[in-house]
Amino acid sequence: FDLSKFPEYGKLSGRKSIEAEDAVSRIDDSTKKKNKGDFCLWKKSKKDEPSWPDPWFDGGRPGWHIEDTAISEKYLGQQYDIHGGARDLIFPHHEAEIAQMESASGKKPFVKYWLHTGFLNVKGQKMAKSLGNFVTIRDAVKKYDAKVLRFFYISGHYRSPIDFSEDLLDKAKNSLERLNDFVRKVKNSKEKDDEKLIEKTRKEFLKYMDDDFDTPKALAVIFDFVKKVNKKGGGKKSYDLMLEFDKIFNVLETKEEKIPSDIKKLIEEREKARKEKNYEKADKIREEIKNKGYIIEDTEEGIQVKILKNFPPA
């Protein structure tokens, strides 16, 4: 692709040259081009690579940049709304996609909104197979509940880097548990709701979500709401608001967990021991319940039973 034929090259990133963090191929970095930024549309296939008939080689394949453009044109058309990718793909990959499609179709813009994510880091280093610090989602969900992982990711802005560590995941788990405790509390509460607070919270939440998906500030609004309702009281309308938020985030435990009959029996035995002031026996039963994968908490609303996620530990 001869960049001199597309003067708008660089309009997404605001630049035309490669920098340290960019993801580049050998061809991108080649000096054997008319213009420094020219990129390969079609290349000769190597022995073990896929190959298609062509007029130039004994068989060739698409270049890195045009491969994605061809796929998106087939399934989404020559123009569409949202294109994602990590920030290292802005230049030259996404610039090349724009140049190719807008040149071929004559339509602008190729994409209306570009969403570029920050890197997922491990101890400050970008997570990558080449560095040996790579964790798959399949492995992560063996140790952490999927909703905890989702909450962990939305705790940071999608454009910002985020460090993947056990400490931060444990903090995410604890923070999410606070929200789930609140949801359980207000679900069956008969207390009066503060409707002005509910409407103010809804508007603030939407304001931040409409501002480039600012999930950290949106979550801060939710936690502020939880804090105020815990002081003032709240019931069904507060619960319904949390469900509204969860339609977007999908992190809360809103379904009633079915408690097995043997656990219910142990809870009854513990209650009996507590009434008889046999606290040593009550504590032993609580530990037995925990060893079976459940936690019981004594609250003003009565006993709450929680299932330990990822039990037994991976």
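At what angle do the axes of α5 and α8 cross, and within what distance do they come? They cross at roughly 140 degrees and come within 8 Å. Axes here are lines fitted to C-alpha atoms, for helices over the stretch in contact, and angles run from 0 to 180 degrees between N-to-C directions.

Before I go on, a word on the model. This is a predicted model, where local features need pLDDT of at least 70 and side-chain atom pairs count only at pLDDT 80 or more, while totals for chains, interfaces and linings use all residues. Residues are numbered from 1 along each chain as its sequence is written, and side-chain values use heavy atoms, with hydrogens and water left out. Helices (H or I, at least four residues) and strands (E, at least two) are DSSP runs, numbered from the N terminus.

Back to α5 and α8. The two helices are oblique to each other. On angles, under 35 degrees counts as roughly parallel, over 145 as roughly antiparallel, 65 to 115 as roughly perpendicular, and the rest as oblique. The crossing of α5 past α8 is left-handed; that term applies if the near helix is turned anticlockwise from the far one by less than a right angle, and right-handed applies if clockwise. From α5, Leu 179, Phe 182, Val 183, Val 186 and Lys 187 meet Lys 236, Ser 238, Tyr 239 and Met 242 of α8. Contact means heavy atoms within 4.5 Å. In this contact of α5 with α8 there are six nonpolar residues, one polar and two charged. For those classes, Ala, Val, Leu, Ile, Met, Phe, Trp, Tyr, Cys and Pro count as nonpolar, Asp, Glu, Lys and Arg as charged, and the others, Gly among them, as polar.

Take Tyr 239, which is in helix α8. Is Tyr 239 buried or exposed? Tyr 239 counts as buried, because its relative accessibility is 10%. The cut-offs are under 20% relative accessible area for buried, over 50% for exposed, and partly exposed in between, with a 1.4 Å probe and protein chains only. Setting aside neighbours within four places in sequence, Tyr 239 is in contact with Val 183, Val 186, Lys 187 and Thr 254. Tyr 239 and Val 186 are 53 residues apart along the chain, yet their C-alpha atoms are separated by 5.7 Å.

Next, helix α7. Helix α7 has 18 residues, 215-232, and at 1.5 Å a residue should span 26 Å; its end C-alpha atoms are 26 Å apart, which agrees. The expected span is 1.5 Å times one less than the number of residues. Among the buried residues of α7 are Ala 218, Ile 222, Phe 225 and Val 229. An α-helix has 3.6 residues a turn, so residues three or four places apart point the same way. The buried residues of α7 pack against α4 (146-154), α5 (166-187), α6 (195-210) and α8 (236-249).

Two of those partners are worth a look. The axes of α6 and α7 come within 7 Å and cross at roughly 165 degrees, which makes α6 roughly antiparallel to α7. Their crossing is right-handed. The residues in contact include Leu 197, Thr 201, Phe 205 and Tyr 208 of α6, and Ala 218, Ile 222 and Phe 225 of α7. By class, the contact of α6 with α7 has 10 nonpolar, two polar and four charged residues.

The axes of α5 and α7 come within 11 Å and cross at roughly 45 degrees, and these helices are oblique to each other. Here α5 passes α7 in a left-handed crossing. Among the residues that meet are Leu 179 and Phe 182 in α5, and Phe 225 and Val 226 in α7. The contact of α5 with α7 has eight nonpolar, two polar and two charged residues.

Last, the backbone. Most residues other than glycine have a negative phi, and most peptide bonds are trans. Phe 213, in the loop between α6 and α7, has a positive phi near 50 degrees and counts as partly exposed at 43% relative accessibility. Asn 250, in the loop between α8 and α9 (261-275), has a positive phi of about 55 degrees. Which bonds are cis? The bond from Phe 91 to Pro 92 is cis, with omega near 5 degrees, and so is the bond joining Lys 108 and Pro 109, with omega about -5 degrees. Pro 92 is in helix α2 (residues 90-105), whereas Pro 109 is in the loop between α2 and β4 (111-117).
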